Amino acid sequence: MSQIIQDIQPILACLRQGGIAAIPTETVYGLAGDATNTQAISQIYAIKQRPLDHPLIMHISKDTDIRQYAIDIPDYVDTLIKAFWPGPLTLVLRCNTALINPLVTAGQNTIALRCPQHPLAQEILRNLPFPLVAPSANPFGKVSPTSAQHVQASFPQENLLILDGGRCPIGIESTIVLATNSNGYRILRHGKVDSAHLSTIIPALELPPQTVGTLRVSGNLLTHYQPTKPLFYFTQLTEAISFCNQHPSTYVISAYPLSTFNTDQGVTLPADPKIWAYELYNQLRCADLSKAKHILITLPPEAPDWQGTRERIIKAGRYL
Ligand code: TXA
Ligand code: MG
């Protein structure tokens with residue numbers, strides 16, 4: 001069984017030896033390994049059962065010069081870095097392929113770079129002579145972990161070292177922005193840094209989303225972030241109530257009181273995007289552990305600050 005520890009030293013030793021360890025970030029826990037070590041990277045793909053064509057995000061410390069890893073960097077990238085790093089924004093840049101292990105990028109000519117804000121993640125990166133790859137610490141396609149205990153439960157067969165940093169304050173993965181085009185950027189995955197915030201920092205540069213195509217972001221898969229039990233989401237309250245009447249064993253996650261649905265299983269979350277992001281994965285895990293047979297979510301409104309949470313719910317569930 002994996003071990004949850006408070007001391008950073010064994011984590012550093014493990015990573016220096018080419019091992020894998022789970023570490024906290026401000027978004028979700030990551031399964032970290034030396035980004036320059038083929039064996040470490042391969043082990044991460046294997047533990048996660050992640051297809052080899054899904055590239056990993058490379059995590060760097062605060063003072064890293066990104067020009068050693070990326071080339072042809074558009075001018076607006078500096079503005080984004082000044083505004084959001086360290087923080088929950090991942091930048092996909094054209095890659096300096098000579099210096100990046102092709103397993104990190106899945107052989108593509110772009111590299112995803114993230115400078116996390118969590119003090120423990122920064123302390124680890126500062127004390128290592130190499131960057132870390134760190135996908136979310138969950139089996140591929142499943143719910144991401146927002147606590148050390150979630151990581152432990154996600155990999156019951158593994159013997160991982162997990163650094164305990166408490167609950168992740170944001171709760172959903174970083175926003176991913178494709179920044180390879182000097183004419184503008186494209187949001188590949190929504191997160192805490194939303195489209196409205198980005199456009200106040202660099203106005204009029206957002207390019208429209210690409211129709212599902214060649215870019216291999218998990219966000220482009222039709223399903224992801226999935227709990228074990230079937231999850232249904234609704235935009236109409238009357239339809240959600242009628243589903244609960246027909247399926248009494250349902251765990252409800254909603255901004256409406258549970259009594260609305262004639263149930264006492266589930267949670268009422270205040271209509272605040274920060275609280276929904278913080279609670280979403282935790283609640284999906286609670287629902288999986290509950291006696292309920294189904295999970296129901298009433299979908300939050302379509303607005304920039306809800307984009308991250310909505311995207312996760314839509315990918316994880318089915319619309320009825
Ligand atoms: O908040 C986060 O970003 C967390 C924490 C641990 O840092 N990490 C995370 O990693 O969410 P992961 O592997 O679960 O999701 C990374 C996403 C994947 O969907 C991957 O396909 C995409 O980033 N990605 C990585 N490199 C890419 C690239 N070069 N171009 C496009 N997408 C890329
Ligand atoms: Mg993930």
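## A tour by rings, sheets and sulfurs

Searching the whole structure turns up six aromatic pairs (Phe, Tyr and Trp rings, the six-membered ring for Trp, with centres within 6.5 Å; planes under 30 degrees apart are stacked, over 60 edge-to-face, the rest tilted). Before you click, note that this is a predicted model, in which local features need pLDDT of at least 70 and side-chain atom pairs count only at pLDDT 80 or more, while totals for chains, interfaces and linings use all residues. Residues are numbered from 1 along each chain as its sequence is written, chains are lettered from A and ligands numbered from 1 in the order in which they are written, and side-chain values use heavy atoms, with hydrogens and water left out.

**Stop 1: Tyr-225 and Tyr-281**

Select these two tyrosines. Their ring centres are 6.1 Å apart and their planes meet at 35°, so the pair is tilted. Which parts does the pair tie together? Tyr-225 sits in the loop between α7 (195-201) and β11 (231-234), and Tyr-281 in helix α9 (residues 273-289), so the pair joins parts that are 56 residues apart in sequence. Helices here are DSSP runs of H or I with at least four residues, strands are runs of E with at least two, and both are numbered from the N terminus.

The scale calls a residue buried under 20% relative accessible area, exposed over 50% and partly exposed in between, using a 1.4 Å probe and protein chains only. While you are on Tyr-225, check its backbone: phi is positive, about 55°, although the residue is not a glycine.

**Stop 2: a charge over a ring**

Now pick Tyr-278 and Arg-167. Arg-167 lies over the face of Tyr-278, 4.1 Å from the ring centre; the rule asks for NZ of Lys or CZ of Arg within 6 Å of the centre and within 35 degrees of the ring normal.

**Stop 3: the five-stranded sheet**

Show strands β11 to β15 next. They form an open sheet of five strands in the order β13-β12-β14-β11-β15, with parallel pairing; two strands pair if DSSP finds at least two bridges between them. The edges are β13 (266-268) and β15 (318-319), each pairing on one side only. Strand β14 (residues 294-298) pairs with β11 in the parallel sense over four bridges, and the bridge partner of Phe-234 in β14 is Thr-298. Helix α8 (residues 237-246) packs on this sheet, touching β11, β12 (250-254) and β14, and its direction makes about 165° with that of β14. Contact means heavy atoms within 4.5 Å, and the angles run from 0 to 180 degrees between N-to-C directions of lines fitted to C-alpha atoms, for helices over the stretch in contact. Stay with Phe-234 a moment: ring pairs link Phe-232, Phe-234 and Phe-243 into a cluster.

**Stop 4: the ten-stranded sheet**

Move on to the other sheet. It is open, has ten strands in the order β1-β8-β2-β3-β7-β4-β6-β5-β9-β10, and its pairing is mixed. Its edge strands are β1 (3-5) and β10 (184-189), each pairing on one side only. Select β4 (residues 57-59) and β7 (residues 132-133): they pair in the antiparallel sense over two bridges, with Met-58 opposite Val-133 in β7. Helix α2 (residues 38-48) lies across β3 (30-34) and β7, running at about 155° to β3.

Then centre on Ala-112, in strand β6 (residues 110-114). At 14% relative accessibility, Ala-112 counts as buried. What is Ala-112 in contact with, leaving aside neighbours within four places in sequence? The list is Leu-56, Ile-57, Met-58, Thr-90, Leu-91 and Val-92.

**Stop 5: two backbone details**

Gln-49, in the loop between α2 and β4, also has a positive phi of about 55° without being a glycine. Gln-49 is exposed, with a relative accessible area of 65%. For the other detail, go to Trp-85 and Pro-86: a cis peptide bond joins them, with omega about -10°. Pro-86 belongs to the loop between α3 (76-84) and β5 (89-94).

**Stop 6: the cysteines**

Finally, colour the sulfurs. How many disulfides are there? The count is zero, taking a disulfide as a pair of cysteine sulfur atoms within 2.5 Å. For Cys-95, the closest cysteine sulfur is in Cys-115, 18 Å away and too far for a bond; Cys-95 is buried at 5% relative accessibility. For Cys-168, the closest is in Cys-286, at 15 Å, again too far for a bond, and Cys-168 is buried at 1%.
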